[in-house]
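Here is a short tour for anyone meeting this chain for the first time. Have a look at the sequence and the model, then read on.

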Amino acid sequence: MSTILEICQDVASLVATQKPDTLFDTDNQQSAIFLSIAKDTLESLRRYGDWQELTKEGSLTVTPNKSIYRLRDVCPDFYSLMNNTVYVRDTSERIIGSITPEQWMNDRFFNVGVSEMRFKIQNNCLRFLTPPTQRCRIVFYYRSSVIAVSSETDCPCDEIEKTALTADTDIPVFDEYLVKLGIIWRWYKRNGLPYEEEFNEYTKEVKNRFSNGLCLKDIPLARCFDTSLNGLGGVHVITKA
């Protein structure tokens, strides 16, 4: 895996410009340009969608009579919640998130008989329609804001996740080829050169890479034990179409 500096140096060779010795020399215009377009590339990939590379599992222990929880207190790298992935771990009960403010207000003030746990995301907080009545653990999948890991350690298990580039040795979490393509077309654009061909190649590869990740469907294990089997038990797996 190449560091962000090595990737930018490879790009410099491809576009026939001077290779930067570092990306963090504030007095060097070439370094500043490459750092800027590298940040733009990684930020655009992070915002593109729910990449497999950014998918993480989070858990939250809710307490009785408390309805608001800051997600960044639970997951410091929280970026966005993945739809339909929130469950009560102890009972395998699915928690229903209100999709629109209209539905939230309707459930809050008119559907007083709603029995399911409902929530919405507002100001990076998870807000329950009604406070849970008992302590339970909620699990969910979310998109991480991590864009790189530190390579300053010899042990992969000690890598430090980063939400921003801070060193030449940072390694992007995204596919190296995508990062190169993203930096190339942005370099051409920054320097006032034609970039349409490079941009089209980049967007095509991003779509291909992202769609390949979507083929890896999760297998939800909620209600994994079917009590209707008259004591036979066993794992009951529900797959998504």
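## Getting oriented

Helices (H or I, at least four residues) and strands (E, at least two) are DSSP runs, numbered from the N terminus. Counted that way, the chain has six helices and twelve strands. Keep in mind that this is a predicted model, where local features need pLDDT of at least 70 and side-chain atom pairs count only at pLDDT 80 or more, while totals for chains, interfaces and linings use all residues. Residues are numbered from 1 along each chain as its sequence is written, and side-chain values use heavy atoms, with hydrogens and water left out.

## The chain as a whole

How much of the chain is buried? Of its 241 residues, 37% are buried (under 20% relative accessible area; exposed means over 50%, and partly exposed is in between, with a 1.4 Å probe and protein chains only). The accessible surface comes to about 14,500 Å², and carbon and sulfur atoms hold 49% of that (areas are from the Shrake-Rupley method with a 1.4 Å probe; for residues, only the protein chains shown count as cover).

Now for contacts, meaning heavy atoms within 4.5 Å. Take the ones between residues at least 6 apart in sequence: 64% of them join residues at least 24 apart.

## Around strand β3

Ser 80 sits in strand β3 and counts as buried because its relative accessibility is 19%. Beyond its neighbours within four places in sequence, Ser 80 is in contact with Asp 50, Tyr 142 and Arg 143.

Strands of a sheet pair through backbone hydrogen bonds, either parallel or antiparallel. Here, three strands make an open, antiparallel sheet in the order β11-β10-β12. At the edges are β11 (161-162) and β12 (171-172), each pairing on one side only. Two strands count as paired if DSSP finds at least two bridges between them, and β10 (residues 148-149) has two with β12. In one of these strands, β12, Pro 172 is the bridge partner of Ala 148.

## Salt bridges and cysteines

A salt bridge is a side-chain nitrogen of Lys or Arg within 4 Å of a carboxyl oxygen of Asp or Glu. The count comes to twelve. One of them joins Asp 40 and Arg 190, with the closest N and O atoms 4.0 Å apart. That pair links helix α2 (residues 29-48) to helix α5 (residues 176-190), 150 residues apart. Another is between Asp 170 and Lys 162, at 2.7 Å from N to O. Asp 170 is buried because its relative accessibility is 0%, and Lys 162 is buried at 14%. Asp 10, Glu 176 and Lys 180 are linked in a salt-bridge network.

As for disulfides (cysteine sulfur atoms within 2.5 Å), the whole structure has zero. Cys 75 is buried at 4% relative accessibility, and Cys 125 is buried at 8%.
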